[in-house]
Amino acid sequence: MTGLYLKETAKLFDIVDLTICCSLYKICNGNQFEHMKGTDFVDFMNLKEVSRPVVVRHRENSRVCYLLYVVSKEIMNESLAKEWIKQCKISPGYYKSHYRDALNSGTGETNAQFVKAIEKAIEKAKSVK
């Protein structure tokens, strides 16, 4: 029921601010997600139909889970993450087990850089508003 409500709401207005979407697109396009048009990324983040399915790159599921967790937390609507993971073909069980993996100490410099980049992008986007 919640998913249907979110999709109906998404038809009326954007859920995720365009500046946040653009900042995240620059980080994730071609890295966490297979290359996609910017408009498709914005539509994906706003639970709208995309011209091509969103494809998570090999071995990037946990970073994508972290990204979706942070954005849903920023918007204060954790139901969004459930809708996004469906579109990414990530199981709810995997999401629950791995959405904070990028934050764990000892997960590597690549994860630390990713976390910093996401935090910086969101802060920068919020300062533009």
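Which helices each supply at least two residues of the lining of the largest pocket? Some notes to go with the model:

1. Before you start: this is a predicted model, where local features need pLDDT of at least 70, side-chain atom pairs count only at pLDDT 80 or more, and totals for chains, interfaces and linings use all residues. Residues are numbered from 1 along each chain as its sequence is written, and side-chain values use heavy atoms, leaving out hydrogens and water.

2. Back to the question: helix 5 (79-88) and helix 6 (92-98) each supply at least two residues of that lining. Helix 5 gives the largest share, five residues. (Helices are DSSP runs of H or I, at least four residues, numbered from the N terminus.) By type, the lining divides into six nonpolar, no polar and five charged residues; among them are Tyr69, Glu78 and Lys96.

3. Now the core, a set of buried Ala, Val, Leu, Ile, Met, Phe, Trp, Tyr and Cys residues joined through side-chain atoms within 4.5 Å; buried means under 20% relative accessible area with a 1.4 Å probe, protein chains only. The largest one has 38 residues, and those touching the most other members include Phe44, Trp84 and Cys88. Helix 4 (61-75) gives the most to this core, with eight residues.

4. Look at Trp84: leaving aside neighbours within four places in sequence, Trp84 is in contact with Val16, Phe44, Met45, Leu47, Leu68, Val71 and Ser72. Contact here means heavy atoms within 4.5 Å.

5. Last, the cysteines. With a disulfide taken as a pair of cysteine sulfur atoms within 2.5 Å, the count is zero. Cys65 has its nearest cysteine sulfur, that of Cys88, 8.1 Å away. Cys65 is buried, at 0% relative accessible area.

Conventions: 1 Å grid on protein atoms, 1.4 Å probe; cavity = no way out; pocket = protein on both sides within 12 Å on 5 of 7 lines; lining within 4 Å. Nonpolar A, V, L, I, M, F, W, Y, C, P; charged D, E, K, R; others polar. Buried < 20%, exposed > 50% of the residue type's maximum accessible area, 1.4 Å probe, protein only.
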